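Me: I'm new to this structure and I'd like to learn how to read it. Could you walk me through it, giving the general idea behind each feature before the case at hand?

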Amino acid sequence: MIKVKNLQKAYGDLQVLKGIDLEVKMSEVVVLIGSSGSGKSTLLRCLNFLEMADSGEISINNQFIVPARTDLNKVRERVGMVFQHFNLFPHMNVLENLMEAPVQVKRKPKEEARKRAMDLLRKVDLEEKFHCYPEELSGGQKQRVAIARALAMEPEIMLFDEPTSALDPELVGEVLQVMKDLAREGMTMVVVTHEMGFAREVGDRIVMLSEGQIIEQGHPSEFFANPKHERTRRFLNQIL
Ligand code: ADP
Ligand code: MG
């Protein structure tokens with residue numbers, strides 16, 4: 001579903017991604033971990049072409065993406081992204097947040113977009129909040145709306161960048177539950193998170209990024225029981 005070859009990205013003198021090779025299969029859930037500053041967000045942003053890699057190759061569902069020759073907005077429609085800070089449109093209510101891109105970008109008829117939005121709100125258990133504005137919602141509710149909004153574009157892949165890091169602890173579970181449901185339905189997902197319970201239970205593979213390189217990866221059972229790299233061990237000791 002995603003194929004990344006020798007991806008490099010620098011900001012000025014700072015080489016952030018130093019040759020990333022990564023493949024994500026259809027319906028696979030890959031959990032990306034690593035210390036702050038290791039390049040996790042940059043990698044996700046490159047996968048979604050919010051950020052342009054300096055070199056390397058990215059294929060999405062067998063389509064090799066050449067930025068100069070591809071409509072990147074079309075690619076972004078296929079790769080949904082959920083951020084730490086929700087990024088909902090503050091001046092739109094929940095329903096309008098979900099309908100905006102399908103209507104404006106995909107030119108869906110309003111009625112169809114509204115129906116799909118309500119279906120998605122039911123799925124994230126927020127049907128009764130459709131008329132609320134983001135400021136009237138809790139952090140967990142906002143993040144569930146953000147997930148539903150990404151799903152409204154019918155993406156092939158979902159990227160999550162620390163979706164629960166900004167939440168009060170008691171609100172983390174409801175967001176992880178929505179992500180678990182999504183994984184169970186077969187969505188292909190790349191998730192940056194420090195929630196190791198989620199990683200263990202839902203992840204098909206854990207990928208450890210350190211200083212812009214993948215230093216270790218494996219199935220959660222093997223990865224957590226027997227981390228091979230010293231930096232992985234140190235990182236896990238810090239967060240567990
Ligand atoms: P992580 O998500 O793993 O914490 P990031 O991908 O956000 O790491 O950042 C990796 C490195 O790149 C950090 O040193 C960060 O300061 C730097 N960085 C990220 N975005 C930018 C940017 N837009 N301009 C300059 N430096 C950046
Ligand atoms: Mg980050």
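Reply: Let's start with helices and strands. They are DSSP runs, numbered from the N terminus: a helix is H or I with at least four residues, and a strand is E with at least two. Val-75, for instance, sits in helix α2, which covers residues 72–78. Before going on, note that this is a predicted model, where local features need pLDDT of at least 70, side-chain atom pairs count only at pLDDT 80 or more, and totals for chains, interfaces and linings use all residues. Residues are numbered from 1 along each chain as its sequence is written, chains are lettered from A and ligands numbered from 1 in the order in which they are written, and side-chain values use heavy atoms, with hydrogens and water left out.

Me: How many helices and strands does the protein chain have?

Reply: The protein chain has 9 helices and 10 strands.

Me: How do I judge the overall shape?

Reply: One guide is the radius of gyration, taken over C-alpha atoms; the globule rule is 2.2 Å times the number of residues to the power 0.38. For 240 residues a compact globule would come out near 18 Å, and the protein chain, at 18 Å, agrees with that.

Me: What share of the residues is buried?

Reply: Buried means under 20% relative accessible area, exposed means over 50%, and partly exposed is in between (1.4 Å probe, protein chains only). In the protein chain, 51% of the 240 residues are buried. As for the surface, accessible areas come from the Shrake-Rupley method with a 1.4 Å probe, and for residues only the protein chains shown count as cover. The protein chain exposes about 11,600 Å², with carbon and sulfur atoms supplying 47% of that.

Me: And how should I read contacts?

Reply: A contact means heavy atoms within 4.5 Å. Among contacts in the protein chain with a separation of 6 or more, 64% are between residues 24 or more positions apart.

Me: Can we try that on one residue? Which residues does Val-75 touch, leaving aside neighbours within four places in sequence?

Reply: With those neighbours set aside, Val-75 is in contact with Phe-49, Ile-60, Ile-65 and Thr-70. Val-75 counts as buried because its relative accessibility is 2%, below the 20% limit. Sequence distance and space are separate things, too: Val-75 and Asn-87 are 12 residues apart in sequence and 20 Å apart in space, C-alpha to C-alpha.

Me: Is helix α1 mostly covered or mostly open?

Reply: Mostly covered: 6 of the 8 residues in α1 are buried. They are Lys-40, Thr-42, Leu-43, Leu-44, Cys-46 and Leu-47.

Me: How buried is Lys-40, and what does Lys-40 touch?

Reply: Lys-40 lies in α1, residues 40–47, and has a relative accessible area of 6%, so it is buried. Not counting residues up to four places away in sequence, Lys-40 touches Leu-32, Ile-33, Gly-34, Ser-35, Glu-162, Val-192 and Leu-209.
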